[in-house]
Number of protein chains: 2
Amino acid sequence: MSVGHTAVTTQPVVTCGGEREDCGIREVLDRIGDKWSVLVVVELAQGVRRFRQLQRAVPGISQRMLTLTVRRLERDGMITRTVHPTIPPQVEYALTPMGHSLTHLVRTLADWSAEHRDAIALARRDWDELNPGSGVR
Amino acid sequence: MSVGHTAVTTQPVVTCGGEREDCGIREVLDRIGDKWSVLVVVELAQGVRRFRQLQRAVPGISQRMLTLTVRRLERDGMITRTVHPTIPPQVEYALTPMGHSLTHLVRTLADWSAEHRDAIALARRDWDELNPGSGVR
DNA sequence: GGCAGTAGGTTCTTCTTGGTAACCACGACC
DNA sequence: GGTCGTGGTTACCAAGAAGAACCTACTGCC
């Protein structure tokens, strides 16, 4: 911003570590940014769970969404799926080490949220008062 | 809280800080989990930007999506929008302190992503080999 | 006069996400 | 014999997010 001989157009000050703009943020968000993944991970952080247990622990999730969510998490190596060939079949889901490291990340998110929740709610109220009926939400 | 006289069914081991399952994770993800917010925040972390600058810096974003994104970020108190009543009007976007704290969070996300990217890609390939044509993505 | 740039707004269409419901096999329970 | 519970799958559908294309109003440049 200050002195420049030939004008530095856009000097990267806080890049993401040498990568372009994106870094890998989009990848993470594509993975856990959906509606249910983090909730399932948080529940599995408490211990091994079966399908119905998960469904009951995550209120509002449908069978299909839970199926899709655990499949994706399994595919990404975040959880393991163990089938016991009993009748009726028992399927157990558990976090992998990588899935467990994800819980730390989730914790960071939660901490940030708790820290700024009030300020955000306040900012929203102020903004909504100044811009009534703008349709932004 | 601890010792229960009538059997504690599921003892929370890694709760999110006393709140239910959710904590504030969903709030954060609802805020930054969309396709563009983090990218705009990352770009603004480099300094003050104008509308067109942002649009050029975030490849692929449409005018409308950029408008919506900056409006929402402004509403949540993450960025400020300063209009200079010149002709043509100049509008400058900048991070607030809270928006800046968000960049730290984003950094954490990026670090986690960089650390586990390879392992995830590997897990995916293995899974896709074992489950061909399952339709999961 | 015509084009580019600036900061959007408006409308239309497409794509993705998530939800609902039905169905399966199998045994247990009543 | 009907229903429940288990762990799914499949088909269908509604809502919202995103994209594309057009519009404004204003000025400076050639």
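**The chains and their DNA**

Chain A holds five helices and three strands; helices (H or I, at least four residues) and strands (E, at least two) are DSSP runs, numbered from the N terminus. Along the sequence, these elements of chain A come in the order α-α-β-α-α-β-β-α. Chain A has 137 residues, and 42% of them count as buried. Buried means under 20% relative accessible area, exposed over 50%, and partly exposed in between (1.4 Å probe, protein chains only).

A word on ground rules before we go on. This is a predicted model, in which local features need pLDDT of at least 70, side-chain atom pairs count only at pLDDT 80 or more, and totals for chains, interfaces and linings use all residues. Residues are numbered from 1 along each chain as its sequence is written, chains are lettered from A and ligands numbered from 1 in the order in which they are written, and side-chain values use heavy atoms, with hydrogens and water left out.

Let's start with DNA strand C. A residue is near a strand if one of its heavy atoms lies within 4 Å of it. Of the atoms of DNA strand C that come within 4 Å of the protein, 57% belong to sugar and phosphate. Sorted by class, the surface near DNA strand C has 10 charged, eight nonpolar and five polar residues. Here Ala, Val, Leu, Ile, Met, Phe, Trp, Tyr, Cys and Pro count as nonpolar, Asp, Glu, Lys and Arg as charged, and the others, Gly among them, as polar.

Now look at single atoms. A polar contact is a pair of N or O atoms within 3.5 Å; within protein, one must be able to donate a hydrogen and the other to accept it, and residues adjacent in sequence count only if both atoms are side-chain atoms. On the bases of DNA strand C, a base oxygen is 3.0 Å from a polar side-chain atom of Gln63(B), and a base nitrogen is 3.2 Å from an N or O atom in the side chain of Arg52(B).

DNA strand D comes next. It has 21 residues around it, of which Arg52(A), Thr67(A), Arg81(A), Tyr93(A) and Ile87(B) come nearest. Sugar and phosphate make up 65% of the atoms of DNA strand D that come within 4 Å of the protein. By class, the surface near DNA strand D has nine charged, eight nonpolar and four polar residues. The side chain of Gln63(A) has an N or O atom 2.9 Å from a base oxygen of DNA strand D. Phosphate oxygens of DNA strand D are also approached: one lies 3.0 Å from a polar side-chain atom of Lys35(B), and one lies 3.3 Å from a backbone N or O atom of Val91(A). Two or more residues of the surface near DNA strand D come from each of α3 (51-57), α4 and β3 (90-95) of chain A, and from α4 of chain B. With four residues, α4(A) gives the most.

How do the two protein chains relate to each other? Chain B superposes on chain A by a rotation of 180° with 0.0 Å of shift along its axis (RMSD 0.1 Å), using least squares on the C-alpha atoms of residues with pLDDT of at least 70 in both. This is the relation of a two-fold axis. Contact means heavy atoms within 4.5 Å, and the contact takes 58 residues from chain A and 58 residues from chain B.

Finally, one residue of α4 in chain B: Arg75(B) sits in that helix. Arg75(B) is buried, with a relative accessible area of 10%. Leaving aside neighbours within four places in sequence, Arg75(B) is in contact with residues including Trp127(A), Asp128(A) and Arg137(A).
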